[in-house]
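Please read them with the structure open.

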Amino acid sequence: MVYSSTFLSPIGEIYLTADEVGITGVWLDSCRFLPKELESIEKAETPIISECKRWLDIYFGGKEPNFTPPLNPTGTPFQTEVWKILSAIPYGKTTTYGDIAKELARRRGISKMSAQAVGNAVGRNKISVIIPCHRVIGGSGSLIGYGGGLDKKVYLLKLEGVLSDTQKYESLQGKISERKGYNRGRD
């Protein structure tokens, strides 16, 4: 059975879902893939949800949590492979879609992997913040692609010490300029 709850964070309300195995979803209220069935899921404070809230309290308190709540992500084999790589990105660090694609190609023994395919898998991550899709940036260092909104990505990266106030402003300005010429997976 799946249960749900909410967590009030500095970036807005966060919706949580969990089953008996682990967390199945962490969605920002601005998420473009917020599931429609979320409202019909029974609300409950299970031990797994409580552990997730403890993790989020520590994280939004500006510290790196020293544990991970139980997770139970569901997706295609390719998506789950990408999400495992995301989970290995250290707190306060970033990587690019292209670097993830190269790592997947290396693991599979092939010469190339599509950064756009990686971007699609990253975008389907249902356990945001904990599986840190916000730590993935464009090849040029641009802050592209975040289902919860670019302002939330900037906040999370700043919280982790990746961005300064100046970089935050410049990144937001760059993103606004890029919207006219969408960069389709070239990073």
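1. Of the contacts between residues at least 6 apart in sequence in the protein chain, 60% join residues at least 24 apart. The coordinates are those of a predicted model, and the remarks below should be read accordingly.

2. Overall make-up. The protein chain contains 6 helices and 6 strands. Along the sequence these elements follow the pattern β-β-β-β-α-α-β-α-α-β-α-α.

3. Burial and surface. The protein chain has 187 residues, and 45% of them are buried.

4. In general, the strands of a sheet pair through backbone hydrogen bonds, either parallel or antiparallel. In this model, 4 strands form an open sheet in the order 3-2-1-4, and the pairing is mixed. Its edges are strand 3 (23–28) and strand 4 (42–43), each of which pairs on one side only.

5. Strands 2 and 3. How many bridges join strand 2 to strand 3? There are 5, and the two strands run antiparallel, strand 2 covering residues 12–18. For a position to check on screen, take Leu 16, whose bridge partner in strand 3 is Val 26.

6. Helix 1 on the strands. Helix 1, made of residues 47–60, lies across strand 1 (3–9), strand 2 and strand 3. Relative to strand 1, helix 1 runs at about 15°.

7. Helices 2 and 3. Two packed helices are described by the angle between their axes and the distance between the axes. For helix 2 (residues 77–87) and helix 3 (residues 97–108), the angle is about 115° and the axes are 11 Å apart. Their crossing is right-handed.

8. Residues at that crossing. Helix 2 contributes Phe 78, Glu 81, Val 82, Ile 85 and Leu 86, which meet Ile 100, Glu 103, Leu 104, Arg 107 and Arg 108 of helix 3. By class, the residues of this contact are 6 nonpolar and 4 charged, with no polar ones.

9. Thr 95. This residue is found in strand 5, which spans residues 95–96. Is Thr 95 buried or exposed? Thr 95 counts as buried because its relative accessible area is 17%, and the cut-off for buried is under 20%. Leaving aside residues up to four places away in sequence, Thr 95 touches Ile 89, Ile 100, Arg 135, Val 136 and Ile 137.

Conventions
Residues are numbered from 1 along each chain as its sequence is written. This is a predicted model: local features need pLDDT of at least 70, side-chain atom pairs count only at pLDDT 80 or more; totals for chains, interfaces and linings use all residues. Side-chain values use heavy atoms; hydrogens and water are left out. Two strands pair if DSSP finds at least two bridges between them. Contact means heavy atoms within 4.5 Å. Axes are lines fitted to C-alpha atoms, for helices over the stretch in contact, and angles run from 0 to 180 degrees between N-to-C directions. Buried means under 20% relative accessible area, exposed over 50%, partly exposed in between (1.4 Å probe, protein chains only). A crossing is left-handed if the near helix is turned anticlockwise from the far one by less than a right angle, and right-handed if clockwise. Ala, Val, Leu, Ile, Met, Phe, Trp, Tyr, Cys and Pro count as nonpolar, Asp, Glu, Lys and Arg as charged, and the others, Gly among them, as polar.
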